[in-house]
Amino acid sequence: MISNAFTSRLILMAGSLLFALSARAQTRITGEVAGPLGDAIPGAHIRIKGSQSGAVADSLGVFGFETTLRGKQTLIISSLGFKTQQQPISLSDSSVRLSITLDDAANTLEAVTISAGSFEASDKAKGASLTPIDAYTVAGNGGDISNALRSLPGAQQVGEREGLFVRGGTNEETRMFVDGTLMKNPNYASVPGIMQPARINLFLFKGVLFNTGGYSALYGQAMSSALILESIDLPEKSSANFSVFPSNLGAGFQHLSKSGRNSYGGGVAYSNQALYNKVVPQRPDYYRGPEYRSVNANARFKTGKSGMLKAYVAYAESNIGMRNPDTDSASLRSDFRIKNPNIYGTASYRTDLGTDWSLDAGIAYTFDQNTIHNRLLNINNEPVTIPNAPYSAKNSDVTRNSHFAQGRAVLMRHFERNQSLRFGGETFYFDDTQTYNGAQNLLRDQLSAAFVETDIHIGGHVAFRPGLRWEYSSLLRKAVLAPRASLGYRLGAGSQLNLAYGIFYQKPENRYLFQNRQLGFSRAEHYVLNYSKKANNRFFRTEVYYKKYNDLVKTLPGIRLGGDGYARGLELFWRDKKTVRNLDYWLTYTYLDTKRNYLDYPERIRPSFTSPHTFTIAIKRFFQEISTNVNVSYSCAAGRPYYDIRAGDDAGTRIYDSGTARAYNVLNLHVSKMMSFFKKSKFRDYSGFAFGANNILGTKQVFGYNYAYDGSFKTPITLPATRFYFVGVFMSLGIDRTEDLLDQNP
């Protein structure tokens, strides 16, 4: 189930931004961009330096945009294959018309990604770079970055668990990094069969980079994927926002100092789904919530000429109680109750050290507590105790306390022609306590890492990035060395070929280490080849890969390493922001061939969370005449495998039943109508009305089956409710974000 709290945050943030498009600025800048021979340069980017005001030239090289800025400004004009140019302009109440000529760039490896970012032998070259607007306005995502990224190639459509399942890897093999440091618990604690929302607000970030393999040596402990987020430096101006929904309350603000060198802000949110669940019946019998609450604060400071210090702290808590029919008896019920408080804090600092050196450092801390009560109930919801298996294990009390801290520093030496050397180190400290029915178990580890990486540009068409990462775990008493390398070759204007190779290690999860501390690292080896082409604000990418797993965790007989597997596939991506004005859409296709022998699997088989074929289309259309934005997304995937795996005649296991679940199909629709409630007030508001539905066709989704202890019957794993609806109003005060979306709707 997607949380209303985070859906309202989606509506509040994205809707208020989209509404601002209807506001008329006082100065209009128009013109055309051409090359040295007078040919038009379609897709050229024009932006006012130090702001987000700008536009993208059309197929004739013509551009136009409005801004509220005044006085002397500097215009930055850039396009792939041409030298970036800066041009001074003076802005007043009258319009400005320009004729701009760009020179050829003979010796540069220019940058381009899906969202007009960079393209080099780096994470941004191989990954799909998104802005927060891209992520937030995918219909059906509920304000959750993981849900939004499921519309990109490589991600699986898993609807019963939070997180990202990428290229045959589990959600635990994808890690999220905020300004270089690991965010240990990005989602609220897991609830059986029900996806839990993200804790963090995407609008704290200026970019989101989803890398599905072969990523940089600067990041570790993620065998499948790295989700890299970079927070904003300073807000454009002071602002405030709030929302009131039937099940949710939310408010936030950002204050920018008069000097423009520091800012602070915060936000609160509360959601209780009890009322919504009475209106829209749910499959679980919720007797508590689901309830989510959070509060956060941030501060940012410019230091010296080039330094930037940023800090963020948040408290979030979920509280959920639910009952379901017991899988082993029609006359019994299972009671699950969880309370999950979480504290997260991070600080980062970057600065130049002279003309050729720079420093990037960060620290992070997370405290996470899960208090879980499982009870077996009779038909009157009264606790019962049955000493025989499987019922004897269905009454339990589990408390998990987890402390995590990280320190990290990266030094960079800059050379001519965009070449560089990066090196540094980090340390992770883990302190975990698990209490199961009164029995306590402690687990401590310090994982240290050192890394080095360099960028080498060969001529104007080749970029090479070799890297090396070393890691040591005090708990495992083992060290590993992971070489990585990326190669980018520019084929022509807007097109590039990328190769990547890397070895990636990851510690087993705590639930296995609590039982056996003599385990080592699990390992994945990545081979990636992709081709991309960008022209006229359209982007195409195709990628093939092979991933080999070794030393995966096996649970029978006993916890040990010994599993293996592979994943290979083909991915296609097409994005078009040009053909139809104010229309942005992308198409993805993923083919995945993967098998694993891990956990209780008796042999190599297709993991139950994978689908061989996945297709997604995301469409965003802004209707300027009626100030309305319509977002539609459709995803389909071939059915996932399911298994009844139990102990066999020997010490191993066997498959007693197997099959393929029905195909996954979901159509989502979100609509935002923008307006202003207080037009005559000196505090202008940017408000709106929004509504939408997920799975509007009412398709029954089956993600797999839960089996009885003896396999006598199975229960389908489905959505908590067939459809999810939302409707409400939102408001933003004190800030007009018109310019933030100029490049999003060229």
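This is a predicted model: local features need pLDDT of at least 70, side-chain atom pairs count only at pLDDT 80 or more; totals for chains, interfaces and linings use all residues.
Which backbone oxygen lies 2.8 Å from a polar atom of the side chain of Arg408? The backbone oxygen of Leu218 does.

- Arg408 sits in strand 20, which covers residues 396-414.
- Arg408 counts as buried because its relative accessible area is 9%, and the cut-off for buried is under 20%.
- Beyond its neighbours within four places in sequence, Arg408 is in contact with several residues, including Gly180, Thr181, Asp360, Glu426 and Phe451.
- Leu218, whose backbone oxygen opened this briefing, is also among the contacts of Arg408.

- Strand 21 (residues 420-436) pairs with strand 22 (residues 439-458) in the antiparallel sense, over 17 bridges.
- Within this pairing, Asp432 has Leu443 of strand 22 as its bridge partner.
- Two residues separate strand 21 from strand 22 in a hairpin, and Asn437 in the turn has a positive phi of about 50°.
- Strand 22 also runs antiparallel to strand 23 (residues 462-473), with ten bridges joining them.
- Here Ala450 finds its bridge partner in Trp470 of strand 23.
- Strand 22 and strand 23 form a hairpin too, with three residues between them, and Gly459 in that turn has a positive phi of about 65°.

**Ala155 in its loop**
- Ala155 belongs to the loop between helix 4 (145-149) and strand 9 (174-178).
- Ala155 is buried, with a relative accessible area of 1%.
- Setting aside residues up to four places away in sequence, Ala155 touches Leu149, Arg150, Leu164, Phe165 and Thr614.
- Gly168 is 13 residues from Ala155 along the chain, and their C-alpha atoms are 9.0 Å apart.

Notes
Residues are numbered from 1 along each chain as its sequence is written. Side-chain values use heavy atoms; hydrogens and water are left out. Helices (H or I, at least four residues) and strands (E, at least two) are DSSP runs, numbered from the N terminus. Buried means under 20% relative accessible area, exposed over 50%, partly exposed in between (1.4 Å probe, protein chains only). Contact means heavy atoms within 4.5 Å. A polar contact is a pair of N or O atoms within 3.5 Å; within protein, one must be able to donate a hydrogen and the other to accept it, and residues adjacent in sequence count only if both atoms are side-chain atoms. Two strands pair if DSSP finds at least two bridges between them.
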